[in-house]
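The sequence and model come next.

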Amino acid sequence: MSIFDWQLKTGYAVVAPYERLSWPRTVGIGLQHVVAMFGATFLVPVLTGFPPATTLLFSGIGTILFLLITRNRLPSYLGSSFAVIAPTIAASTSYGMGGALGGIVTVGLLLLIIGVVVNFTGVGWIESLMPPVVTGAIVALVGFNLAPTAKVNFEQGAVTAFIVLVLLLMSLVLFRGLIGRLAIFLSVVIGYFVALARGEVDTSSIGAASWIGMPEFTTPTFHLSVLPMFIPVVLVLVVENIGHVKSISTMTGINNDRRIGKALAADGLATVLAGSGGGSATTTYAENIGVMAATKVYSTAAYWVAGGAAILLGLSPKVGAVIASIPPGVLGGVTIALYGLVGILGVHIWVTNKVDFSKPINQFTAAVALVIGIADFSWNVGSLSFGGIALGAVSAVVIYHVMRLVGTWRGTVVVDERLPADLTGPVHEPTGKLAT
């Protein structure tokens, strides 16, 4: 059967990835996916100074690439990854946007290589390299390392930021279903109008932008010194993608383990393509997992609609100009919650996998890595500069395995190595919950 031959499903039963509803209903579900991903996807380019329209364009293209490489069997949307925010900002400060894009391309290439290896060897070696205590520490320090950035944005429009934060929190507890899952998007939209009324929005570029046109493209440049900032991001993207595939397996009842390698390679290729033209690194999205959980529609046909719609949005400079005009106060209100949520999701990995913190090996693996990442330690070796995320990620891996090796030799350490089975993404689910 061709990968495009979806079986028509009637009624309101569960719709499998290889099935579809009528095309009008499929289009409707696809547009829900666009709305669900939009709030988090556009925040990354706004926070990093990238063109939002370019990022939207490449997220749509990346989603379609993902569907093709996985042969339409993994329903997934590839939106902007929050894991690259800190290294992107740091690299842009030193080498401009091109230097940051070079780091993103490198991340994509490494992820692509890992995907190819996993496709032939399986994920056992990843499970051994990064047990839950290590993956949780890395994900957590990536989020907490961004706390100063959230503070800077918040302070530039404290009143508006406070209003947006309250709107976000109240949306989570006042509404259920899809509206509750769109808390990020709704709080930003309402906050934008609040900022507009307070005279905090510069709308000059919106009127000058055309409705239809190509987005801004930028060529990457490559600098050896930016690599230490970006390489730890690869570990986060690996965990996100593996968790996403396992979540889909749980939701659909279809074992997709054999497709993990293709998923990693597809996300890597999409990230390479995005970084080559001026877009942000991509990753699978938890908001879209949420839409599937709410609708019970897992059809990949809906994701083709979502990918196509994102491409059309990316081809509208007017949309990009509106997104780019979002003031720091609005961003501060959202990111103070979202960056913290990245960190808490690392804690969630520990809780879900029952990491025993009465054991010194787990205590010190997490403790040292978190302090290094949060304090943003740095280490310069010639032209190379290792920041808190890189040093924290490396320390988590090294401390765990050295203590494990010595402890096993001495008979003082007993470990249970399992990779998190349900991690769907570091930040994108506004409720802070993982899809079930």
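Q: Is the crossing of H5 and H11 left-handed or right-handed?
A: This is a predicted model, in which local features need pLDDT of at least 70, side-chain atom pairs count only at pLDDT 80 or more, and totals for chains, interfaces and linings use all residues. Residues are numbered from 1 along each chain as its sequence is written, and side-chain values use heavy atoms, with hydrogens and water left out. A crossing is left-handed if the near helix is turned anticlockwise from the far one by less than a right angle, and right-handed if clockwise. For H5 and H11 the crossing is left-handed.

Q: How is H5 oriented to H11?
A: The axes of helix H5 (residues 132-144) and helix H11 (residues 227-252) cross at roughly 115° and come within 10 Å. Angles under 35 degrees count as roughly parallel, over 145 as roughly antiparallel, 65 to 115 as roughly perpendicular and the rest as oblique. The angle therefore makes H5, relative to H11, roughly perpendicular.

Q: Which residues of H11 make the contact with H5?
A: Contact means heavy atoms within 4.5 Å. On the H5 side, the contact is made by Thr135, Ile138, Val139 and Val142. On the H11 side, it is made by Leu235, Val236 and Val239.

Q: What is H7 to H16, oblique or roughly perpendicular?
A: Helix H7 (residues 158-174) and helix H16 (residues 328-352) pack with their axes 7 Å apart, at an angle of about 45°. That angle makes H7, relative to H16, oblique.

Q: How many nonpolar residues does the contact of H7 with H16 have?
A: H7 contributes Thr160, Ala161, Val164, Leu165 and Leu168, and H16 contributes Gly329, Val330, Gly332, Gly333, Val334, Ile336 and Ala337. Ala, Val, Leu, Ile, Met, Phe, Trp, Tyr, Cys and Pro count as nonpolar, Asp, Glu, Lys and Arg as charged, and the others, Gly among them, as polar. By class, the contact of H7 with H16 has no charged residues, four polar and eight nonpolar.

Q: Is Thr63 buried or exposed?
A: Thr63 lies in helix H2 (residues 52-69). Buried means under 20% relative accessible area, exposed over 50%, and partly exposed in between (1.4 Å probe, protein chains only). With a relative accessible area of 0%, Thr63 is buried.

Q: Which residues does Ser395 touch, not counting residues up to four places away in sequence?
A: Ser395 is found in helix H18 (residues 388-410). Ser395 counts as buried because its relative accessibility is 11%. Not counting residues up to four places away in sequence, Ser395 touches Ala369, Ile372 and Tyr400.

Definitions and conventions. Axes fitted to C-alpha atoms, helices over the stretch in contact; angles between N-to-C directions. Helix = DSSP H or I, 4+ residues; strand = E, 2+ residues; numbered from the N terminus.
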